[in-house]
Amino acid sequence: MAQNNADGFHDLFIGRKPELRLLSDALQESASGRPWVVAVSGEPGIGKTRFLEFFAATCRKKALVLHGRCSHREGAPPYYPWLQIVGSYAKNCEVKRLCEVLGTNAPIIAEVVSEIQTTLGELDPPVQLQDPSSERFRFNQSIAAFLRNAASLGPLLIVLDDIQWVDPASSELLCYLIHEIECAPITTVVSHRHFRGDRETLFRKVLAELARYSRFKRIELGGLGKDDVSEYLKKGAGKTPSPSLVGAVHRTTGGNPLFVRELARMLHQQGRIGVKRSKPLHMLGVPTTVQDLIHIWLDEFSADCREALAIAAVIGTEMGIDVLSICQEKPRAQVLASLEDALATKLLIEVPGRLGYYQFSHALMRQAILSDLPASRFSRLHGQVATQLEQYYSPNVADHSEQLVYHFRNAVGVLGIEKYLHFSEQAGERALSRHAFEYAENIFQQAIGTEPGAQSDEQRGGLLFGLARAKIAMNRREEAVEHLNDAFEHYARAGKVDRAVEVAQYPFVSSFRGVGESQLCRRALALIDQNSLDAGRLQCQLSLALAEEERNYVDAEAAFSTSLRIAREHGDIPLETRALLVGALIDRDQLRLEQSLKKSLHALPLCKKIADSPRIVAAHHIVQETYIAAGDFARGAVHAAEALRVAEQLQDRLWLVLAYASNQRYRMVEGDWVAARRLNDEGLRLDPSDPYLLVNRVRLEYETGNPDEGERYLSRYIDGLKKDAVRPWGARDLQHASVALVLPLISRITGDVEFLDLAESCAQSILAYPRYSPEWRYRAAACLGLIAVARDDSSAAEEHYRKLIEFVRNDTKPEFRFCRGSLTFVEMQLALIAHTAGEVDQAEIHFRSGLRECRISGHKPELAWLCHDFARFLLNRHHKEDSEEAIALLKEGLALANRFGMSPLKEKTAKLLEASSSYPSLPDRLTRREVEVLRLLATGKTNQEIASELFIADRTAANHVSNIFAKIKCGNRVEAAAYAHRHGLVEQ
């Protein structure tokens with residue numbers, strides 16, 4: 001090929017001044033603590049990468065630049081652009097500074113980014129978390145902290161190229177980071193082309209998430225103008241092009257910089273630039289597309305060069321010269337010599353900062369080469385590359401499994417399926433260990449679907465087990481059950497009992513859903529020694545599954561006892577602590593609080609002895625839940641705070657959400673709304689749909705007089721209720737329904753009964769389904785009782801009161817005093833329901849008991865409500881001796897409502913206090929409502945007419961009439977009417 005390298009064209013950058021100014025403004029504002037996200041888009045070849053490279057070069061003195069590029073279908077590992085970003089920082093940073101930036105996150109990031117281990121040496125592995133999604137969250141948190149620390153010495157510019165090819169793990173990390181780097185001097189710039197392909201849905205989801213960021217802007221790159229083309233030709237060739245040539249080039253290329261560059265090189269080689277009179281371009285055989293022009297270059301290369309480029313294209317967009325040499329089975333110098341034409345024309349360029357590494361100057365270059373390869377040759381080349389790379393990467397071949405599985409998959413027709421399946425399992429396992437669950441699912445799914453008959457039982461079992469774990473990690477547990485059972489079956493058939501047991505032991509219990517884990521545990525137990533440690537672990541897993549999935553507490557307790565016995569016989573502390581905590585959960589679910597407390601407090605020092613941080617959090621959490629249910633808030637708050645402290649150290653998302661929710665409860669009990677709101681914000685940031693956090697936030701906002709905010713969070717909670725309601729019973733968890741008890745309490749604050757039907761439906765769905773714990777069933781019954789209170793339905797209130805009394809008083813010493821699902825005392829709920837049911841004496845007992853418990857526990861907001869409700873009860877009873885006590889309670893409640901900013905309650909209490917002096921004394925312990933009914937009865941109205949007049953149910957009106965007859969000792973309506981006239985209860 002004639003050599004006229006035209007190197008000057010490759011590094012030229014022309015135009016784009018407005019776009020550069022927009023980026024510079026974003027960087028400047030980000031440097032002041034207002035980070036920007038910028039998306040640069042345009043068609044292939046429009047110059048996105050060159051534009052960002054030029055911008056990065058101009059601001060390297062002002063900012064630290066970290067660059068990553070997404071890759072498509074080249075066996076690139078998950079997190080590929082982030083591996084480049086973090087890896088390059090680690091390689092180019094002083095060790096002392098790197099340690100400062102990574103801090104305690106070094107082992108977490110090193111699990112994914114091998115350069116950390118290379119630079120810092122061997123690191124202790126991080127604490128393993130039980131929930132895979134929590135491990136991914138912890139990794140994302142660690143990368144966010146790394147970037148914030150890296151930007152502590154000055155602005156940081158992150159450039160992500162070609163996000164149309166972003167992998168799912170990288171996309172989740174990107175979307176997470178843009179919200180986590182708020183206030184940090186970080187500018188994030190992504191580039192993408194207009195794209196349709198297999199990742200289009202994911203790509204559009206990423207763009208939509210970026211666009212939601214408050215400081216986001218788009219830059220759309222178009223073609224170069226005529227003046228830019230003229231300047232480009234002049235500077236690259238060192239000669240002034242004729243206007244006709246400029247116009248022809250601009251017309252042909254549409255100003256596409258890549259096309260302009262390659263066409264300019266061609267014209268320069270032909271000596272056409274600077275010639276005053278030249279033939280028109282169409283007479284020179286000028287191609288009309290970039291691909292055609294690239295093919296012209298390729299046709300002029302030597303056969304050796306084309307062969308080397310074909311193998312390079314099969315390897316990927318980037319390759320090391322040593323790897324290319326190995327794959328071609330030629331000496332390094334000979335390969336370099338064969339690539340001389342490609343390097344001279346800049347079709348291949350050196351990778352900046354990586355000696356001996358080359359890349360195609362544009363993806364279109366590589367695509368043009370691959371498009372020329374017949375399918376048979378394409379497959380043979382992949383086989384050649386796969387075989388050579390497997391030898392080259394030995395003995396650390398597993399570290400390159402993603403690349404190898406790509407090549408072996410494309411070479412199945414040449415090499416067969418065995419190696420492809422082998423590296424698929426390795427690549428999938430590696431992806432799981434790096435929290436790239438979507439990638440793992442895809443790898444396992446593809447391998448499972450390839451010639452099932454060619455797979456051994458052991459091999460297929462491994463693929464199915466990997467697929468199941470990927471789906472569990474993405475919370476698709478119901479889908480995973482079939483894969484786990486199939487994996488177990490294949491392992492058992494292959495005689496791999498240890499692997500079958502491993503499948504059964506894999507923790508995937510999802511509380512409140514029936515996913516079939518107990519059956520799997522039993523199948524595994526049938527294969528092994530019943531007194532072995534494996535049997536103990538399986539019995540522990542079985543115990544939890546029976547309790548949480550099936551609410552079969554009898555068999556769950558038997559499995560727990562067996563597990564605990566085996567643990568103690570073998571002296572296995574980890575199993576003993578796990579068994580004790582499962583036993584504590586079983587007791588707590590059945591409201592055996594003393595037994596739950598005993599087991600969890602026994603487990604806590606054992607967890608600390610073996611430094612089992614995840615179970616230390618679990619133990620503290622169970623202890624605090626037991627204390628709060630018993631109404632012992634002071635002790636519970638200590639354990640809740642400790643659970644949060646350890647969870648924050650672990651960065652375990654699951655336990656963090658639970659810890660934020662529980663600590664928020666204690667702040668609400670104290671009336672510390674500011675701290676409660678902050679903890680709630682932290683929890684909802686991690687899980688925006690958590691029902692416990694949402695209902696407590698609804699309660700908090702309405703309680704403190706913020707109805708608009710309350711309605712916003714209530715809408716989110718209702719959305720979750722509706723989504724769960726459409727699922728089939730086996731897939732429902734009903735956690736949203738379990739806290740619907742808050743809805744009638746909100747109705748009490750607002751007077752709005754709009755959501756009572758929905759709350760009633762939720763409560764009935766729990767009572768109708770046998771798989772729910774006694775605590776949940778109590779919540780459901782209390783919810784129905786409080787709905788009856790809101791509707792003034794005495795008959796329904798009486799029905800639910802009887803059930804609740806039987807529930808609570810089934811022991812001479814009731815332990816369950818406080819309902820953590822509603823943050824109210826059981827006695828308060830019973831008092832309200834008993835009062836509506838007409839059980840006046842019982843209501844007074846409950847009110848007084850509730851007041852006593854409130855004062856002992858220090859729950860001031862609850863005490864304020866109790867003062868109001870008990871005072872209203874006393875005033876409605878219309879006993880002269882009650883008036884003084886009622887007024888004292890109202891004054892106490894008003895002071896508390898004022899102190900804690902409970903404006904709705906403050907208004908209600910003030911009105912009741914003002915009206916208290918006008919409450920008349922009524923005879924025979926009649927209530928105000930009963931007097932209203934008696935007045936209507938005395939005018940001759942039927943029960944139906946009374947119900948219509950007072951907006952109450954027919955049955956409620958009938959109950960009121962019966963209660964009146966009993967109190968005034970009369971036998972019929974005529975006697976009742978006479979009584980009303982005699983006592984002046986009817987207006988004359």
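# Notebook: contacts, helices and rings in a predicted chain

I began with contacts (heavy atoms within 4.5 Å): among those in the protein chain between residues at least 6 apart in sequence, 69% join residues at least 24 apart. Residues are numbered from 1 along each chain as its sequence is written, and side-chain values use heavy atoms, with hydrogens and water left out.

**Overall**

I looked up the secondary structure and got 52 helices and 10 strands in the protein chain. Helices (H or I, at least four residues) and strands (E, at least two) are DSSP runs, numbered from the N terminus. The C-alpha trace spans about 125 × 70 × 55 Å along its principal axes.

Next I checked burial, with buried meaning under 20% relative accessible area, exposed over 50%, and partly exposed in between (1.4 Å probe, protein chains only). Of the 988 residues in the protein chain, 57% are buried. The chain exposes about 40500 Å², and carbon and sulfur atoms supply 50% of that. The areas come from the Shrake-Rupley method with a 1.4 Å probe; for residues, only the protein chains shown count as cover.

I picked Leu-309 and skipped its neighbours within four places in sequence: its contacts are Leu-298, Phe-301, Leu-339, Ala-342, Leu-347, Leu-348, Phe-360 and Ile-369. In soluble globular proteins, nonpolar side chains tend to be buried together.

**Two helices**

For helix spans, the expected value is 1.5 Å times one less than the number of residues. Helix H9 (residues 168-180) has 13 residues that should span 18 Å, and its end C-alpha atoms are 18 Å apart, which agrees. H9 is mostly covered, with 10 of its 13 residues buried.

An α-helix has 3.6 residues a turn, so residues three or four places apart point the same way. Just after H32, Ala-611 takes a positive phi of about 55°.

**Rings**

Rings of Phe, Tyr and Trp (its six-membered ring) pair if their centres lie within 6.5 Å; planes under 30 degrees apart count as stacked, over 60 as edge-to-face and the rest as tilted. I found 15 aromatic pairs in the structure. Phe-408 and Phe-423 are stacked, 5.3 Å centre to centre with 10° between the planes. That pair links distant parts of the chain, 15 residues apart: Phe-408 is in helix H21 (residues 401-410) and Phe-423 in helix H23 (residues 418-433). Phe-408 counts as buried at 2% relative accessibility, and Phe-423 does at 1%.

Phe-465 and Tyr-506 have ring centres 5.9 Å apart and planes at 90°, so the pair is edge-to-face. These two are 41 residues apart, with Phe-465 in helix H25 (residues 457-473) and Tyr-506 in the loop between helix H27 (497-505) and helix H28 (517-525). Phe-465 and Tyr-506 are buried. Ring pairs also link Phe-13, Phe-51 and Phe-54 into a cluster.

A charge sits over a ring if NZ of Lys or CZ of Arg is within 6 Å of the ring centre and within 35 degrees of the ring normal. Arg-354 has its charged end over the ring of Tyr-357, 3.9 Å from the centre, and Arg-748 has its own over Trp-865 at 4.0 Å.

Is Asn-696 buried or exposed? Asn-696, in helix H37 (residues 691-703), is buried, with a relative accessible area of 4%. Beyond four places in sequence, Asn-696 is in contact with Gln-664, Arg-665, Met-668 and Leu-823.

Asp-399 lies in the loop between helix H20 (375-393) and H21, and is partly exposed at 41%.

How values were computed:
Predicted model: local features only at pLDDT ≥ 70, side-chain atom pairs only at ≥ 80, totals over all residues.
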